[in-house]
Amino acid sequence: MGGLLGVAVLGAGHMGADHIRRLDQVVSGARVAAVADPDIERAKQAAAGLTGVTVHTDHLAALDAPGVAAVLVASPGPAHEEALLACFARGLPVLCEKPMVPDSAGALRIVEAEAALGRRLAQIGFMRRYDAEYRRLKALLDAGRLGRPLMLHCTHRNVSSPDHFTSAMLVNSSVSHEIDAARWLLGQELTAVTVLRPTPSSDAPEGLIDPQFVLLESERGALVDVEVFVNSGFGYQVRCEAVCEKGSARIGDEHTMVVTTGGGAAQEVAQDYLVRFAGAYDREVQAWVDATRRGEVTGPGVWDGYAASAVAEAGVRSLHTGGRVAVDLAPRPRPR
Ligand SMILES: NC(=O)c1ccc[n+]([C@@H]2O[C@H](COP(=O)([O-])OP(=O)(O)OC[C@H]3O[C@@H](n4cnc5c(N)ncnc54)[C@H](O)[C@@H]3O)[C@@H](O)[C@H]2O)c1
Ligand SMILES: O[C@H]1[C@H](O)[C@@H](O)[C@H](O)[C@@H](O)[C@H]1O
């Protein structure tokens with residue numbers, strides 16, 4: 001185990017358990033050193049079969065466990081601020097799942113805390129930046145062959161949402177991915193949000209405003225629309241079409257097996273993010289491990305996490321008021 005990066009994983013739910021499997025079986029250069037979850041049975045189950053790992057109900061105890069040199073945060077969003085500050089206090093590099101901190105005031109405290117350290121410690125889990133299709137689209141837009149991007153048309157559908165999912169989470173958890181992807185693809189901040197609500201699907205859980213239609217405006221006048229529908233029932237579908245002055249480019253059409261039989265053709269559709277973005281998560285975590293072992297932090301950072309939370313917060317206000325809400329972005333602090 002010598003030389004391997006010892007990682008503490010906080011949260012052993014859907015995402016945490018998958019990251020533990022990834023660190024153990026897919027990624028090179030790292031090992032799981034500690035797992036924390038207030039549900040100890042979940043922590044034990046996720047750590048089952050691994051050697052040299054301690055399990056904890058207290059996330060701070062996991063950070064201080066033997067062999068821990070870096071941290072992967074996969075607890076629910078509201079727990080991220082405390083976890084990130086604890087990592088900063090210990091000088092531990094950290095990969096934190098999105099949303100970095102759901103409320104923008106808390107997210108800004110993270111930006112300021114990292115700036116006070118004078119060096120980067122955190123990468124935020126916006127894994128679409130590591131997806132092969134998104135990367136091709138980004139490279140195409142950056143090359144300039146299609147001219148200036150005018151609009152992005154995005155679709156974000158889940159088969160179903162977890163029980164705890166709220167109407168606000170369609171924006172600040174699900175659409176946080178499109179918010180980050182739009183900022184990254186366009187190379188611009190987002191300045192205003194309008195969230196419209198069609199009559200909810202009768203298959204949506206009682207009281208959940210699902211689907212929603214989100215309109216984002218960028219600082220240099222591009223528009224981004226997002227259909228977010230988290231109880232579509234039929235598939236995990238994430239698409240993005242960039243419409244530019246000299247052409248358009250679309251990603252996310254299912255590139256899977258097409259089965260033709262009996263006079264019809266059927267194409268498989270992924271049922272969840274762990275399938276659709278499997279390669280992206282693998283590349284994201286491998287890149288984080290490699291950079292951490294070199295003593296560097298690359299990938300999306302705390303400013304990206306803060307900007308996404310600020311835009312999403314404006315979106316949640318718009319969801320409730322029905323009007324357009326300007327994004328109130330704090331000045332970006334300089335590293336001290
Ligand atoms: N990047 C992605 O595509 C993606 C996909 C799914 C989830 N996520 C993110 O991952 C995080 C976890 O989501 P999930 O779907 O795995 O949720 P989940 O509910 O399945 O699991 C969360 C786990 O964290 C535990 N927990 C609660 N408080 C904790 C704390 N303070 N410290 C440690 N563990 C704690 C819970 O007991 C639970 O086991 C969220 O931030 C979510 O937005 C990201
Ligand atoms: O937390 C998850 C995750 O971020 C998925 O990538 C997204 O598709 C879901 O809508 C969201 O609930």
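Modeller: Ligand 1 has 24 residues around it, and G11, G13, M15, S75 and E97 come nearest. A residue counts as near a molecule or strand if its C-beta atom, placed from the backbone, lies within 6 Å of it. This is a predicted model: local features need pLDDT of at least 70, side-chain atom pairs count only at pLDDT 80 or more, and totals for chains, interfaces and linings use all residues. Residues are numbered from 1 along each chain as its sequence is written, while chains are lettered from A and ligands numbered from 1 in the order in which they are written.

Helix α1 (residues 14-25) gives the largest share of the ligand 1 shell, three residues. Helices (H or I, at least four residues) and strands (E, at least two) are DSSP runs, numbered from the N terminus. By class, the ligand 1 shell holds 10 nonpolar, nine polar and five charged residues. Ala, Val, Leu, Ile, Met, Phe, Trp, Tyr, Cys and Pro count as nonpolar; Asp, Glu, Lys and Arg as charged; the others, Gly among them, as polar.

Now follow α1 into the sheet. The helix lies across β1 (5-10), β2, β4 (70-73) and β5, running at about 150° to β2. Contact here is between residues whose C-beta atoms, placed from the backbone, lie within 7 Å. Axes are lines fitted to C-alpha atoms, for helices over the stretch in contact, and angles run from 0 to 180 degrees between N-to-C directions.

The sheet is open and has six strands, in the order β3-β2-β1-β4-β5-β6, with parallel pairing. β3 (54-56) and β6 (122-125) each have a single partner strand, so one side of each is left without a neighbour in the sheet. Direction ignored, neighbouring strands are turned by 25° against each other on average. Two strands pair if DSSP finds at least two bridges between them. β2 (residues 30-36) runs parallel to β3, joined by three bridges. V35 faces V55 of β3 across that pairing.

E97 is one of the residues that come nearest to ligand 1. Most peptide bonds are trans. P99 sits in the loop between β5 (94-97) and α5.

Helix α5 (residues 104-117) packs against helix α4 (residues 80-90) at an angle of about 5°, with the axes 10 Å apart. The two helices are therefore roughly parallel to each other; the word covers angles under 35 degrees, with over 145 roughly antiparallel, 65 to 115 roughly perpendicular and the rest oblique. E81, L84, L85 and F88 of α4 meet G106, R109, I110, A113, E114 and L117 of α5. That contact divides into six nonpolar, one polar and three charged residues.

Next, the wider setting. The chain is divided into domain 1 (5-128 + 279-301) and domain 2 (129-272 + 310-326), with bounds from an automatic or database domain assignment. Their centres, taken over C-alpha atoms, are 26 Å apart. Domain 1 puts 16 residues into the contact and domain 2 puts in 14. On the domain 1 side, helix α10 (residues 278-293) gives the most, with five residues. That side has seven nonpolar, four polar and five charged residues.

Domain 2 next. Seven strands form an open sheet in the order β12-β11-β7-β10-β9-β8-β15, and the pairing is mixed. β12 (247-251) and β15 (325-326) are its edge strands, each pairing on one side only. β7 (residues 149-157) and β11 (residues 237-244) run antiparallel over eight bridges, and M151 stands opposite V243 in β11. β11 and β12 form a hairpin with two residues between them. Five bridges hold that antiparallel pair.

L196 stands opposite F213 in β9. Another cis peptide bond runs from D210 to P211, with omega near 5°. P211 lies in the loop between β8 and β9. Helix α11 (residues 302-321) lies across β8, β9 and β15, at about 30° to β8.

Finally, the other ligand. Around ligand 2 are N158, S173, S174, H177, V230 and Y273. Its shell has two nonpolar, four polar and no charged residues, whereas the ligand 1 shell includes five charged residues.

Key
Contact = placed C-beta atoms within 7 Å.
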